[in-house]
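This report goes through one predicted model.

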Amino acid sequence: MKIRDLTVHHLRIPLVVPFRTSFGTSHVKETFVLRLETDDAVGWAECGAEEDPLYSSEYLEGAEWVLRHQLVPRLLALGDGLSAGVVRDALEPVKGHRMAKHVIETALLDAELRAADMSFGRYLGATKTRVPSGVSVGIFDTIPELLDNVRRYVDQGYQRIKLKIEPGWDIEPVRVVRETFGDDLLLQVDANTAYTLRDARHLAKLDPFDLLLMEQPLPEDDLLGHAELQKRIATPVCLDESIESARDAAAAITLGACQVINIKPSRVGGYLEARRIHDIAEAHGVPVWCGGMLECGLGRAANVALAALPGFVLPGDTSASDRYFAEDITAPFVLEDGHLTVPTGPGIGVDPIPEALAAFTVSTTSIPVS
Ligand code: SMG
Ligand code: MG
C-alpha cells in the first residue's frame, strides 16, 4: 500500500459538561484526527492522547511530533510492503508512544478495510450486532449533584455506572449511589492511580457495596502492589493504565494483579494489540471491557466494533455521543435500549461530516509522504 497524503486535523469540541477525574478536569475535547489517503481509499483515525500528560505519559503534541518525525518516515521506508499488519514490528525500535502508533495503524487499517469492503467488526471477529453501554461519571462537589447525574444516565438506559473516585470522594458517594439506586445497578469505580497500597484497609471499605470492579487504584507501574491489594480486598481489581500490551496483560494475570482488564485501543497501540489482549484474557477466563478516551465518532465507531468481540462480557465506557458532545464530527452514536449498534459499513463504518469537521477544526497540517 502506498500513502498518497497524510493530513492532521486539530480539533476542539466543547464538552456538554465538565469531566472531573482524580487527575484533573476537562472542559473541551482536544485531539487530532488523521486522514490517510491511498490509491484505493481514505482512512481515518483519532488520537487518544490528552492535551497534558496526566492520564499517561503521552500527550497530544508529543504524539504528533513522534508521528511526524519517527513513525511516518519508518513506515514510508517500507515502500509497497506497508500494511497495517506490519506496523507493530516496523515501529518496534521506537519505545513507547503507543497512542501515536495507534493513530497511524488505525488509519492504515481503516483504509485497507474500506478498500476490501470489510467492516472493522467483521475483521476483528465481532460476534454481536450491538453492545451494552456503560457510562463514566465524574467527580462532583456535592453528593446531590452526583445523584442527579447518575439518575439522568440511569433514566437514559445506561447499563452500568462507573464512578470516578479519589481520596475524600470514595466510600460515601459509592454508599449513597448504591442505597439510592438499589442492588441491581451494575456499579464500578475508577481511581486513575490515586491511591497507594497503604490505603488497602480504606479501599476494603468498598467491599460491602458489591462493585463489579475497582479500576486502577494504584500507580500504573505497581503490578505487585495490585496483586497484594487484591489479596486484601474482595472487590475485583481491574487494570487500565497498567496494561499497555499483551505482554503486560499476561504478566498481570499471572501475578494475580487483576481479575478484569479495561482494553483501550489507543493506550495499547492499536486494535491489533487490543485483540491480542482480548485473546489472552479470554484464554485465562479473565473478563474484559472496552474503555474510552472521550472519543468523537471516529474513535467511538472502532471501539464499538472491538467491544462486540466475545470476550467483552462487561458493558464498556462506550457511551452515546451525547454523553460528551452536543454535536459530533460524525453522525452521532445513539443509545437504543441501553445499547450502541456496531457499524457494518466498510472500515470503521462512519465518515466525518465535512461541515462538522470544518467547524471543530482549529488548524490543519500535512505530514510529508515523499
Ligand atoms: O470515553 O467515556 C469515555 C471516558 C471514560 O473514564 C473514562 N476514561 O481512566 O478510564 C479512564 C478514563 C480516562 C480518560 S479521563 C480524561
Ligand atoms: Mg480508567
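## Salt bridges

Arg98 and Glu244 form a salt bridge through their side chains, with 3.1 Å from N to O. The partners come from distant parts of the chain, 146 residues apart. Arg98 sits in helix 3. Glu244 lies in the loop between strand 9 and helix 9.

A second pair is Arg88 with Glu273. Their side chains also meet in a salt bridge, at 3.1 Å from N to O. The total count is 26 salt bridges by the rule used. Side chains of opposite charge can pair when their charged atoms come close.

The chain splits into two domains. Domain 1 is built from two segments, 3-117 and 352-366. Domain 2 covers 121-341. Their C-alpha centres are 23 Å apart. Domain 1 puts 34 residues into the contact, and domain 2 puts in 44 residues.

How much area is buried between domain 1 and domain 2? The value is about 3,400 Å². Carbon and sulfur atoms give 64% of that area. On the domain 1 side, Phe19, Arg20 and Tyr55 together supply 21% of the area buried against domain 2.

## Polar links and the domain 1 face

Four salt bridges cross the interface of domain 1 and domain 2. The polar contacts between the two domains number 14 residue pairs, with both residues at pLDDT 80 or more.

Which elements build the side of domain 1 that touches domain 2? Strand 1 (3-21), strand 2 (24-38), strand 3 (42-46), helix 3 (98-115) and helix 12 (354-360) each supply at least two residues. Strand 1 gives the largest share, with nine residues. By residue class, this side of domain 1 has 20 nonpolar, six polar and eight charged residues.

## The magnesium site

Which residues coordinate the magnesium ion (ligand 2)? The donors are Asp190 (OD), Glu215 (OE) and Asp240 (OD), at 2.0 to 2.3 Å. Their spacing in sequence reads D-x24-E-x24-D.

Glu215 and Asp240 link distant parts of the chain, 25 residues apart. Glu215 belongs to strand 8 (residues 214-215). Asp240 is in the loop between strand 9 (237-239) and helix 9 (246-255). That loop between strand 9 and helix 9 also holds Glu244, the salt-bridge partner of Arg98.

## His27

His27 is part of strand 2, one of the elements on the side of domain 1 that touches domain 2. Which residues does His27 contact, leaving aside neighbours within four places in sequence? They are Pro14, Leu15 and Pro18.

How far is His27 from Thr142, C-alpha to C-alpha? The separation is 19 Å, for two residues 115 apart along the chain.

Key. Residues are numbered from 1 along each chain as its sequence is written. Chains are lettered from A and ligands numbered from 1 in the order in which they are written. This is a predicted model: local features need pLDDT of at least 70, side-chain atom pairs count only at pLDDT 80 or more; totals for chains, interfaces and linings use all residues. Side-chain values use heavy atoms; hydrogens and water are left out. Domain bounds come from an automatic or database domain assignment. Contact means heavy atoms within 4.5 Å. Buried area is the accessible area (1.4 Å probe) that two parts lose on being put together, summed over both. A polar contact is a pair of N or O atoms within 3.5 Å; within protein, one must be able to donate a hydrogen and the other to accept it, and residues adjacent in sequence count only if both atoms are side-chain atoms. Helices (H or I, at least four residues) and strands (E, at least two) are DSSP runs, numbered from the N terminus. Ala, Val, Leu, Ile, Met, Phe, Trp, Tyr, Cys and Pro count as nonpolar, Asp, Glu, Lys and Arg as charged, and the others, Gly among them, as polar. Donors are N, O and S atoms within 2.8 Å of the metal (3.2 Å for Na, K and Ca); water is not among the atoms, so sites may look incomplete.
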